[in-house]
Amino acid sequence: MSLGRFGPVGESGSRHGRWAMPSSTPMIELRSLTKRYGATVGIDRLDVTVAAGEVFGLLGPNGAGKTTTLRCLVGLLQPSEGQVRVLGLDPVADHRRLAPKFGYLPGELRLYPELTGQQTLDLLAALQGAPVPRQRELCDRLALTRADLARAVGEYSRGMKQKLGLVQSLQHRPEVVVLDEPTEGLDPLVQETFFELLAEETAAGRTVLLSSHVLPEVQRACGRVAIVRQGRLVTVRSVAELRGARARRVRLVLADGRGARPLGAAERWSPRWDGPRVELLVPPDELVPAVRTMLAELPVADLTVEEAGLDEAFLDLYRNSEERP
Ligand SMILES: Nc1ncnc2c1ncn2[C@@H]1O[C@H](COP(=O)(O)OP(=O)(O)OP(=O)(O)O)[C@@H](O)[C@H]1O
C-alpha cells in the first residue's frame, strides 16, 4: 500500500496535547526544493510557504512536478537539495511525529485488494497512529455504506476507491492534508461533498494543499495557487489576483460585413474570426490604447468588452513562462 511513510504510534501519541508550535511557523514550507531522478529534473528550486487555514493549490500540466513535490512533502522521496518542513518538522526524519497530524491522498491509490474497505481504513488508522473520530461521519457523507465497507476493495469501482482514499486522509482530523488530484473519479454529487469538506477544514483552521490540473477545481477550492511547469515555479498568486490579471475579450463587428482579413495594428492581439465578427484577447493594461487603435483604423459597427475566463489568464501565465529564456 503506498500511502506515505506513516509509522505506528510514535512518541507523539494522539493528536491531543503534545508539542506546541509557534503560531508564526508555516504549516508547509518548501525551500529551494529540488528533486532529480538521475539526469531528469523532477522539481527545481521550488519555494512555497503555506499558512494555517489555507487551501493552497499546486497547478500544472502533466509532468510539471506536482506529484514529485507532494511525495517530498509526505516523506516518500528524499529531496536532492533544499528543504521541506511540515508543521515545522522534516517529513522523512520526523514521520512518526507527523503521521497523526498529517493526511495524504496519493494520486494513485494502491490498496490491498483482499482487504475490505473497513479493514483498509482501520489498518491506515493504525499507521496514522491516531484515533479516527471522523471515520463514520466521512463514510456517511461520501456515501460509502456499511455494505460497501464490508466488501473487498479489489471489487471497488475507481470512484469508491477514491472515496475510501478521502476518508482515510481525513478520518483522524489531521492538521495538514495533502491531496493529489482529489476529485479524480468522483461523480458531481460526491465532488460537491468534497468541496464542502474542504470548506469545513479551512473554517476549522486546518491546512490543505492539493494538486490539480483542473482549473475550475482550483478556482473553486483554493485561496492561493502555485503554478508549476517543467519542475519550476512559474508564479504564486491568489485566485483573486488571477481574476484581476484576466485579459479582456474585445468583440468587434465590422461595418463592411467582410470576413477574415488583416487588421493592421490590431493583428497583435491574435484575432479570431467568426464570419463578419472578430474576437481579440487584450491584456488589461493595453485595453484603452487597443480600443482607440481599433476605432481609428477599422470600420467598427459594434464593439463589446468583457473579462476573459480564468482559464485564459492561466494559459497566459503558461505562455509567458514558455517565452522565458
Ligand atoms: N520515478 C521517476 N523516475 C524518473 N523520472 C521521474 C520519476 N517520477 C517522475 N519523473 C519525472 O519528473 C518530472 C515530474 O513528474 P511528476 O510526476 O512529478 O509530474 P506531475 O506534475 O505530477 O505530472 P502528472 O500531472 O502527469 O501526474 C517528469 O519529467 C517525470 O517524467
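The following conversation goes through a predicted model of a protein with a ligand.

Reader: How many helices and strands does the protein have?

Author: The protein has eleven helices and 13 strands. Please keep in mind that this is a predicted model.

Reader: And what share of the residues is buried?

Author: Buried residues make up 38% of the 325 residues in the protein.

Reader: Into which domains is the protein divided?

Author: Domain 1 covers 28-242, and domain 2 covers 247-308. Their C-alpha centres lie 43 Å apart.

Reader: Let us turn to the ligand. Which residues surround the ligand?

Author: Among them are Tyr37, Thr40, Asn62, Lys66, Thr67, Thr68 and His213. Several glycines also surround the ligand, including Gly42, Gly60, Gly63 and Gly65.

Reader: What classes of residue does the shell have?

Author: The shell around the ligand has nine polar residues, two nonpolar ones and one charged one.

Reader: Which element supplies the largest share of the shell?

Author: That is α1, from which three residues come. Both α1 (66-74) and β2 (40-50) supply at least two residues of the shell.

Reader: Is α1 buried or exposed?

Author: Nine of the nine residues of α1 are buried, so the helix is largely enclosed by the rest of the structure. Lys66, Thr67 and Thr68 are among the buried residues, and these three also belong to the surroundings of the ligand.

Reader: What follows α1?

Author: Gly75 follows α1, and its phi is positive, near 90°.

Reader: Across which strands does α1 lie?

Author: Helix α1 lies across β3 (55-59), β5, β6, β7 and β8 (224-229). Its direction is at about 150° to β6.

Reader: In what order do the strands of that sheet come?

Author: The order is β5-β6-β7-β3-β8-β9, in an open sheet of six strands with mixed pairing. At the edges are β5 (102-105) and β9 (232-238), each of which pairs on one side only. On average, neighbouring strands of the sheet are turned by 15° against each other, direction ignored.

Reader: In which sense do β6 and β7 pair, parallel or antiparallel?

Author: Strand β6 (residues 176-180) pairs with strand β7 (residues 207-212) in the parallel sense, over five bridges. Within this pair, Leu179 stands opposite Leu210 in β7. Helix α6 (residues 158-170) also packs on the sheet, where it touches β5 and β6. The direction of α6 makes about 170° with that of β5.

Reader: Now a single residue. Where is the place of Leu105, and why does Leu105 count as buried?

Author: Leu105 is in strand β5. It counts as buried because it has 25 C-beta neighbours inside 10 Å, and 20 or more are required for that label.

Reader: With which residues is Leu105 in contact, leaving aside its neighbours within four places in sequence?

Author: Leu105 is then in contact with Gly165, Leu166, Ser169, Leu179, Asp180 and Pro182. Leu164 is 59 residues apart from Leu105 in sequence, and their C-alpha atoms are 9.7 Å apart in space.

Reader: What about contacts across the whole protein?

Author: Of the contacts with a separation of 6 or more, 74% are between residues 24 or more positions apart.

Reader: One last topic: in which sense do β1 and β2 pair?

Author: Strand β1 (residues 28-37) and β2 pair in the antiparallel sense over seven bridges. Leu30 stands opposite Val48 in β2. The two strands form a hairpin with two residues between them, and Gly38 takes a positive phi near 60° there.

Terms used:
Residues are numbered from 1 along each chain as its sequence is written. This is a predicted model: local features need pLDDT of at least 70, side-chain atom pairs count only at pLDDT 80 or more; totals for chains, interfaces and linings use all residues. A residue is near a molecule or strand if its C-beta atom, placed from the backbone, lies within 6 Å of it. Helices (H or I, at least four residues) and strands (E, at least two) are DSSP runs, numbered from the N terminus. Ala, Val, Leu, Ile, Met, Phe, Trp, Tyr, Cys and Pro count as nonpolar, Asp, Glu, Lys and Arg as charged, and the others, Gly among them, as polar. A residue is buried if 20 or more other C-beta atoms lie within 10 Å of its own, exposed if 12 or fewer, and partly exposed in between; C-beta atoms are placed from the backbone. Two strands pair if DSSP finds at least two bridges between them. Axes are lines fitted to C-alpha atoms, for helices over the stretch in contact, and angles run from 0 to 180 degrees between N-to-C directions. Two residues are in contact if their C-beta atoms, placed from the backbone, lie within 7 Å. Domain bounds come from an automatic or database domain assignment.
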